Amino acid sequence: RYYEYVFGQSRRRRGRRPLGARTEPELSQLQVVIESRDPGCHSYPHLASNEAYHLTVTEPVAVLKANEVWGALRGLETFSQLVHEDDYGSFLVNESEIDDFPRFAHRGILLDTSRHYLPLKSILTNLDAMAFNKFNVLHWHIVDDQSFPYQSIYFPELSDKGAYSYNHIYTPTDVRLVIEYARLRGIRVIPEFDTPGHTQSWGKGQKGLLTPCYSGEQPTGSFGPVNPILNTTYNFMTKFFKEISSVFPDAYIHLGGDEVNFDCWKSNPEVKEFMKKQGFGIDYAKLESYYIQKILNIVSSYDKGYMVWQEVFDNKVQLKPETVVQVWMENSYAHELSSVTGAGFTAILAAPWYLDYISYGQDWKKYYSVEPLNFPGSEKQKKLLIGGEACLWGEFVDATNLTPRLW
Amino acid sequence: QLLVFVATPGCDGFPSLDSKEGYKLSVSEGSLLLSADAVWGALRGLETFSQLVGRDENGMYYINKTEIVDFPRFPHRGLLLDTSRHYLPLRAILETLDVMAYNKFNVFHWHIVDDPSFPYESLTFPELSKQGAFNAMTHVYTASDVQTVIEYARLRGIRVIAEFDTPGHTLSWGPGAPGLLTPCYLGKDPSGTYGPINPILNSTYQFVTSLFQEVSSVFPDFFLHLGGDEVDFTCWKSNPKIRAFMKEMGFGEDYKKLESFYIQRLLDITSSLSKGYIVWQEVFDNGVKVRPDTIIHVWKNSPPYMQEMANVTKAGYRALLSAPWYLNHISYGQDWMAAYQVEPLKFEGSPEQKDQVIGGEACMWGEYVDATNLAPRLWPRAGAVAERLWSNATVRDLHDAYVRLAGFRCKLL
């Protein structure tokens, strides 16, 4: 693949270089050496993967050394960028010595395939671009209110009724393709099945999952977040996340948990009854907590770690220590990072990197200027910030403008 | 069969500001009739007809029975592309012309050269692009390219109005035309940098005459856009010869008078070439003496553009509106709505004044735009401007427009 990147694009006329008085040093080979006993070529990248590499470019043989294949991939990318073509069509590379490794282990891009469907091709093209930039996580926000394109094996009705159309779905084969395409580029695929809010599209194919909203004594016909008081809800989630856990090989699943609107719950008499029984009073954050905790337990039972949006932490849900909290609210995000890491949780930062918020001019500069560790906290705390993600929410993005908006 | 009847075709001619674009479309059982006074109207009608045809789930094409009498509100409905800040390959321009036709835009304002690069290959002055283009082999428009654009546009009823912006915005002209630009001074010595075109030399006017002679014959439209915006006086002020000239001419310290002096001569040259001209608003704002048939292009937001529109039309000139339609100024969300809600005639003035507003242009300046992002940045947002300029003033319901614009976008895809 990298050979193609380096030499394949050349469309220049192959003129002859004027011969020098002596022959120039020539690089005939790049040797790639992976030092670990288990290079990892047949496994999946993970949070603790070693992405460090050492690149020595000297004649006649350059050497790229890495502990694991993931580092070799990063080094190949660097090497491919070092090689340039002169006006005569010769490929040149400077003698160099590079010792490189990432500062943060989690470097992600969030794609939203619910607000607008993204055809497979555009996801794969994006994975290529991610690899060029050494991004190593695809946070796939695959479903949301607007549509449910994920074709579930256990619950085919979800996409049958919830996708924009039969043409706007990701089949199990599509999903496998994305995961493998990503793997070959050292990119983890972390799916997000955001609940209990952001689930309108789930209700189309799974009757009874969402809370019916009421106006006085009567159901209005509209629905709210996932209904947290029914056993059927948890039976469904148990089965659903069993599938997700086996389909997606990464150690983590993102469970969402953001922006839960309590109005519908508050309007529903059965929910109100439940609140009373549980002694939650009128604190619906407690009900949200109750739901999330049960989901977290379900997912844990499948041996998966989980990521959640910051509300889950803010609303004091009981989280396992290895939970990763994603900080997304722009207001005082540094403060939030302090709180999250102060409580001992791992954090990733997305708040200042909402790339869907376009504006005129060179806005890359403000993204570049962000210093993730600029928050009050101890050394130990700062170690808990494992990285961040650039988010491209899909309200105004589809395959016609994804690439120029992201890159 | 759709029968197209055109009273006075003019198929071999070029569209102009006076072209008749009205048409009648009559669809009933057994009869499909499109009639227009001129071929330009027929083109607009064909576009409408093509949008009326739908396809059902079985693949059958159908069209509703309908009677349409349609004509544009404003005769000048333009789109500005900037091929100097970033070169746009021919293909991107031609593609844009296609989509312009789908939107019934009828003017392609080609801001072809500017400070950063000079891609226009001049026959009279080949050094201009040789020295001034980003790459003289790959980032130029040859004479053949230009003719291709003009003909492609013509076949779609689109006028091509070229803009050779002077005296400012001309840095790229310098390398290929030594002596054209004003050398700036630091004290007594030239600083090595250059400013606007040097207005005090005869050679300047000889050059301008020759260049515009060529441009006038290459571009068939009656109008040329002469620019005249954002002239920075600093360099002129620093140059001792210019200061001496100012004294000689009795201009005092008012460099606007010097700018005037240049522009007036430029306008005379252009008139003598039998072309009409469009200029940016500064030319009017700075009191340059322009002919009564000059068109003033309003682009600034301060002073408020509606006030400017009132002033320009009150002084008797025709006006073009672009100020609220700078599509290169992107922002989050549905900004097409703001563009759609602009009402070009919303200023205090007599009906005669309002008649002086001949239309407007959506502008896509190129600082951050090239072939990789031109299409998604332009469409469908520019469609909001296109409708505002074609349709009746009463067509302004946002909800209704949203539904149609969303459907139109799908058609564009």
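UniProt positions are given in the numbering used here, and annotations may be inferred rather than shown by experiment. With that in mind, the UniProt record lists "domain: Beta-hexosaminidase eukaryotic type N-terminal" (unreviewed entry) at residues 16-52 of chain B. The model examined is a predicted one. Across residues 16-52, chain B is 38% helix and 32% strand. The end C-alpha atoms of this stretch lie 27 Å apart.

Confidence was examined next. Chain B has a mean pLDDT of 97. In chain B, 100% of the residues reach 70 or more. For the complex, the predictor reports an ipTM of 0.91.

In chain A, UniProt places "domain: Glycoside hydrolase family 20 catalytic" (unreviewed entry) at residues 104-407. In chain B, the record gives residues 74-392 for "domain: Glycoside hydrolase family 20 catalytic" (unreviewed entry). Residues 104-407 of chain A are 38% helix and 20% strand. Residues 74-392 of chain B are 38% helix and 19% strand. The end C-alpha atoms are 21 Å apart for the chain A range. For the chain B range, the separation is 9 Å.

The interface was then characterised. Contacts involve 14 residues of chain B and 13 residues of chain A. The size of an interface is often given as the accessible area lost when the parts come together. Here chain B and chain A bury about 1200 Å² between them. Carbon and sulfur atoms carry 66% of that area. On the chain B side, B:Ile330, B:Tyr332 and B:Tyr368 lose the most area to chain A. Together these residues account for 49% of what that side buries.

Polar and charged pairs at the interface were also counted. Between chain B and chain A there are 4 residue pairs in polar contact, with both residues at pLDDT 80 or more. The side of chain B that touches chain A has 5 nonpolar, 7 polar and 2 charged residues. Side chains of opposite charge can pair when their charged atoms come close. The count between the two chains is 1 salt bridge. The side chains of B:Arg409 and A:Asp398 form a salt bridge, at 3.0 Å from N to O.

Over all chains, the search of the whole structure finds 29 salt bridges. One of these joins the side chains of A:Asp144 and A:Arg115, at 3.5 Å from N to O. This pair links distant parts of the chain, 29 residues apart. A:Asp144 sits in the loop between strand S8 (137-141) and helix H4 (157-162) of chain A. A:Arg115 sits in the loop between strand S7 (106-112) and helix H3 (120-132) of chain A.

The peptide bond from B:Thr166 to B:Pro167 is cis, with omega near -5 degrees. B:Pro167 lies in the loop between strand S9 (159-166) and strand S10 (181-186) of chain B. B:Ser302 and B:Pro303 are also joined by a cis peptide bond, with omega about 10 degrees. B:Pro303 belongs to the loop between strand S14 (295-298) and helix H10 (305-314) of chain B. In chain A, A:Lys316 has a phi near 60 degrees, a positive value in a residue other than glycine. A:Lys316 is found in the loop between helix H11 (310-314) and strand S14 (324-327) of chain A.

Note on methods. Residues are numbered from 1 along each chain as its sequence is written. Chains are lettered from A and ligands numbered from 1 in the order in which they are written. Side-chain values use heavy atoms; hydrogens and water are left out. pLDDT is the predictor's confidence in each residue, from 0 to 100. Helices (H or I, at least four residues) and strands (E, at least two) are DSSP runs, numbered from the N terminus. Contact means heavy atoms within 4.5 Å. Buried area is the accessible area (1.4 Å probe) that two parts lose on being put together, summed over both. A salt bridge is a side-chain nitrogen of Lys or Arg within 4 Å of a carboxyl oxygen of Asp or Glu. A polar contact is a pair of N or O atoms within 3.5 Å; within protein, one must be able to donate a hydrogen and the other to accept it, and residues adjacent in sequence count only if both atoms are side-chain atoms. Ala, Val, Leu, Ile, Met, Phe, Trp, Tyr, Cys and Pro count as nonpolar, Asp, Glu, Lys and Arg as charged, and the others, Gly among them, as polar.
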